[in-house]
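Good morning, and thank you for joining this group meeting. Please look at the sequence and the structure as I bring them up.

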Amino acid sequence: MEFLRPATWAEALAAKAGLPEAVPVQGGTDVMVEINFDVRRPPALLDLTRVGDLADWEVAADGRLRVGAGVTYARLIAELGDRLPGLAQAARTVGSPQIRNRGTVGGNLGAASPAGDSHPPLLATGAEIEVASAARGTRMIPATEFYRGVKRSALAPDELVRAFWAPPATGPQYFAKVGTRNAMVIAVCSFAVALHPGERRAGTGVGSAAPTPRRATAAEEFAAAELDWAGRAPLDPGLAARFGELAAAAAEPIDDVRGTAAYRRHAIAVLARRTLAWAWHDYRKEAAACA
Ligand SMILES: Cc1cc2nc3c(=O)[nH]c(=O)nc-3n(C[C@H](O)[C@H](O)[C@H](O)COP(=O)(O)OP(=O)(O)OC[C@H]3O[C@@H](n4cnc5c(N)ncnc54)[C@H](O)[C@@H]3O)c2cc1C
């Protein structure tokens, strides 16, 4: 097995173009497990850890955060937790401290598992994925178009993920996950909500309950129309329950070793109701503090 170690982004793209079967390695927390268990034996590994700018994040000219594919979960929590609270909350549930010190959102995107924890908050916040190839340069893919099937994404064989772009939070954001235990667990299902008060809109993301992570668009439309954005009245339990039902209707789960389809549907309704209640509570508290 060849081991390619580009020092720059241009070299990384050239290496991927020259050998599209080369498997990129960021933190290695997925790739190394697959190799150890002989799930795959690629002809080459493309180590991206020397490509410095992948490990950086910045505030872009349009005000959004541009976070390199190599920024670890631990750094995301420590450095961006205030601006990307939903994603940071999801990051805190990933694996263990060791996994969070190595693992990245870039790797989560590369793996494109329906159970990946960063996907629901990326969907709820309207993130975009910056990808590039040597032949065609850079393109931006909205998170809603990135996930194409179980462990399949919109990435072409000669492309690499360079960064994701997300607006800093303008309202409360929450992520919740059900697992078979509290830590070191792949989600049975998960849900993210992000309130966008300026647009009077709630973004959503459903995880591990369909072939791909996806938004619950009917729940979003319902929340936009029915929530009392101006008055910020207490959340009506009936409204929260309906939001949960619509979120569950967006799921297309399967029975597997981690849970049944029926349980997942039920749990998505509960998580959606709960995360909306938490977010709405914070939204009202902010209003009270400003009054
Ligand atoms: C013990 C353990 C617990 C875990 N717990 C969780 C969990 O709770 N939640 C969760 O979501 N995941 C979990 N994972 C899975 C894994 O940690 C995450 O998916 C993590 O985000 C992968 O990031 P990485 O940088 O280590 O990726 P890598 O292993 O380096 O790569 C992952 C995939 O992405 C591709 N890739 C990497 N970088 C790029 C790039 N720049 N462009 C294109 N493709 C790229 C790789 O080729 C590979 O297919 C766990 C793994 C382990 C071993």
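In which loop does R200 lie? Before I answer, please note that this is a predicted model. R200 lies in the loop between β12 and β13, the latter covering residues 201–207. The phi angle of R200 is near 50 degrees, which is a positive value in a residue other than glycine. Is R200 exposed, partly exposed or buried? R200 counts as partly exposed because it has 13 C-beta neighbours inside 10 Å.

Let us turn to another residue with a positive phi. For M184, phi is near 50 degrees, and this residue, too, is one other than glycine. M184 is found in the loop that runs between β11, residues 173–178, and β12, residues 189–196. Its surroundings are described by a count of 12 C-beta neighbours inside 10 Å, and therefore M184 counts as exposed.

I now move to a sheet. Three strands form an open sheet, in the order β1-β3-β2, with parallel pairing. Its edge strands are β1, residues 2–4, and β2, residues 23–25, each of which pairs on one side only. On average, neighbouring strands of this sheet are turned by 25 degrees against each other, direction ignored.

How many bridges join β2 and β3? These two strands pair in the parallel sense over three bridges, and β3 comprises residues 44–47. For a specific example, please find V23: its bridge partner in β3 is L45.

Thank you for your attention.

How values were computed: Residues are numbered from 1 along each chain as its sequence is written. This is a predicted model: local features need pLDDT of at least 70, side-chain atom pairs count only at pLDDT 80 or more; totals for chains, interfaces and linings use all residues. Two strands pair if DSSP finds at least two bridges between them. Helices (H or I, at least four residues) and strands (E, at least two) are DSSP runs, numbered from the N terminus. Axes are lines fitted to C-alpha atoms, for helices over the stretch in contact, and angles run from 0 to 180 degrees between N-to-C directions. A residue is buried if 20 or more other C-beta atoms lie within 10 Å of its own, exposed if 12 or fewer, and partly exposed in between; C-beta atoms are placed from the backbone.
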